[in-house]
Amino acid sequence: MPHHWFWWIVTAACVVWYSTITVYVAFKGAKDIKNMLARLDATKKREAGEAQN
Amino acid sequence: MTNFNWLLDGSIVGLYLLVTMAAGLMVRKYVGKVEHFLVAGREMDVYLGIASLAATEFGIVTCMYTAQNGYEKGFAGATPGILMALAMAVVGMTGFVIKPLRDAGVMTIPELFEQRFGQRIRWAAGVVIVLGGLLNMGVFLRTGGQFLVLVAGLDVKYLEIMMTALLVGVAIYTILGGMLSVLVTDFLQFVVMSAGLILVTILILVNVGWEKMVMTVETSYGAGGFNPFINPTMGWQYVLFNLMLNTAAVLTWQTTIARVLAAKDTATGQKVYTRTSFFFVCRFLIPGLWGIAALATLGPVANTLEAMPRYLSTAVPAGLMGILIAAMLAADMSTDSSYMLTWCSVIYNDIMAPFRKKPWSEKKGLFWNRTIIAFIGIFLLLYGLWYPLKGDLWTYLGVTGTIYLASISMLLIACCYWKRANSWGAGASIFVSALIPVSYLVMEQLPSTVQLAKSIGPYYSGIATYVLSAAAMVVGSLLKPQQSLRKESA
């Protein structure tokens, strides 16, 4: 175990966790944006329809 | 000399700016109401929330002060990050404060206060939130500019022009698309920023090496470089102040809370907090490592804030340099856009509330929100250019943030969990919380009181603010006659 093991573990955890979460969030976040914009679009169309009626 | 290559690195940066601006402008068509503009129609999901929260809370300014902490305090300088991660994980898991806040369906924290403490307290809370937030954000531009100028090896005379152009670009997509543009650009910025941070950290760990970094900290700071409690510049008062500051920030920092309020439901808001919490360790430790590497490579320097960018300008090769600058621009742009939108939301929703006797049309509301963001941008340019920063950057941000963090966190906890809390306590807490940090900042600037400010120090002043603000809430609330409380509730 390297000298000052606490900071070594925290540093290793940061590099591994951050690399993993970046890739994961990059995929999942893109899907979230797509769904969010689709929901907003649907709401906009529904409200426009209600206003016409 | 710097390794920045205008053709290769400049193209990477240019491409990044083009894609971000295009994405920010594309979503403006979805903004039809004030609710879309301020909280993205409350349609944000978990992973977009994680990306947005992480990108917002990491700007160039963050990178600069955390690297300065690493340079000046060694590994112990990452202590605030660990404390913030713990606070965020606990709040996310338990839903402490954020659950009742999100359940209330409000757009800002002061809006919740009106239901309990009345309209005047909502207004006063809005004023201190904006005051603390804008003073805090005031130093972002210059510090960000310092980093970019040093890393890219540009003439310092271009700093103002470059940062003005960057702010104008950010303001354009924020003004047009509000929170929707902020979320979409935050996502892109999170990906670019993270890639840059990870690659540069790996490069530093490989080139400088773990053993050399540990040896440098040991030689420069001894055991205090690893343990904040025995570091002569930190001690228990630093840890306690940072614990209070970070817990209050997790509960009430408007840019952080904005993600909970924009979440599609309360459970999503809590998940965003829990799953982002460890990022706050990375947020302090990764640039902290860059600061330690600068200490190991450059040795002692006159300006510790500039040590890290000076080191990176020669340590990072061309190609990666473009990714680093794009990453830092991404970090800065996401922070600026979110902060401008957040303080705008408080000005519009709470400070201007008394002027809206009748509800405004959505069109008029959007117009005013956009105008406020433009004014915030102008303020940032002016304030950022003349305020002379004294002491270390993290402490300045802590002191200015405390102006509102202390009282608003007390008000929020009391509002959610203490039935006896009332407007007298809330008013007293806001007054005490603003008075102490503002007095400290003024004392720091005046030649006649600068020594007194030094002898008190920012940590004791900060701790006193949190303790006295809580005491003011309790005493003020207990002093208010029960009769007037009954009248109020009737």
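User: How many helices and strands does chain A have, and what makes a stretch count as one?

Analyst: Chain A has 1 helix and 0 strands. Helices (H or I, at least four residues) and strands (E, at least two) are DSSP runs, numbered from the N terminus. This is a predicted model, where local features need pLDDT of at least 70, side-chain atom pairs count only at pLDDT 80 or more, and totals for chains, interfaces and linings use all residues. Residues are numbered from 1 along each chain as its sequence is written, while chains are lettered from A and ligands numbered from 1 in the order in which they are written.

User: Why is Ala293(B) called buried?

Analyst: A residue is buried if 20 or more other C-beta atoms lie within 10 Å of its own, exposed if 12 or fewer, and partly exposed in between, with C-beta atoms placed from the backbone. Ala293(B) has 29 other C-beta atoms within 10 Å, so Ala293(B) is buried. You will find Ala293(B) in helix α15 (residues 279-298) of chain B. Not counting residues up to four places away in sequence, Ala293(B) touches Ile204(B), Val208(B), Met213(B) and Tyr311(B); two residues are in contact if their C-beta atoms, placed from the backbone, lie within 7 Å.

User: What makes Cys344(B) buried or exposed?

Analyst: Cys344(B) is buried because 25 other C-beta atoms lie within 10 Å. Cys344(B) belongs to helix α17 (residues 320-351) of chain B. Leaving aside neighbours within four places in sequence, Cys344(B) is in contact with Asn369(B), Ile372(B), Ile373(B) and Ile376(B). The C-alpha atoms of Cys344(B) and Ile373(B) are separated by 5.8 Å, although the two are 29 residues apart along the chain.

User: Is Asp265(B) buried or exposed, and why?

Analyst: With 12 other C-beta atoms within 10 Å, Asp265(B) is therefore exposed. Asp265(B) sits in the loop between α13 (254-262) and α14 (266-276) of chain B.

User: Why is Arg42(B) called partly exposed?

Analyst: Arg42(B) has 18 other C-beta atoms within 10 Å, so Arg42(B) is partly exposed. Arg42(B) is in the loop between α2 (34-39) and α3 (46-56) of chain B. Arg42(B) also has a positive phi of about 50° although it is not a glycine. Most residues other than glycine have a negative phi.

User: How much of each chain counts as buried?

Analyst: In chain A, buried residues make up 23% of the 53 residues. In chain B, 60% of the 490 residues count as buried.

User: How do you know how α9(B) and α10(B) pack?

Analyst: Axes are lines fitted to C-alpha atoms, for helices over the stretch in contact, and angles run from 0 to 180 degrees between N-to-C directions. Helix α9 (residues 140-152) of chain B and helix α10 (residues 159-207) of chain B pack at about 115°, with axes 9 Å apart. The residues of this contact divide into 7 nonpolar, 2 polar and no charged. Ala, Val, Leu, Ile, Met, Phe, Trp, Tyr, Cys and Pro count as nonpolar, Asp, Glu, Lys and Arg as charged, and the others, Gly among them, as polar.

User: What forms the contact of chain A with chain B?

Analyst: The contact takes 25 residues from chain A and 30 residues from chain B. On the side of chain A that touches chain B, the residues divide into 14 nonpolar, 7 polar and 4 charged.

User: What is the confidence in chain B?

Analyst: pLDDT is the predictor's confidence in each residue, from 0 to 100. Chain B has a mean pLDDT of 88, and 96% of its residues reach 70 or more. For the complex, the predictor gives an ipTM of 0.90 and a pTM of 0.86.
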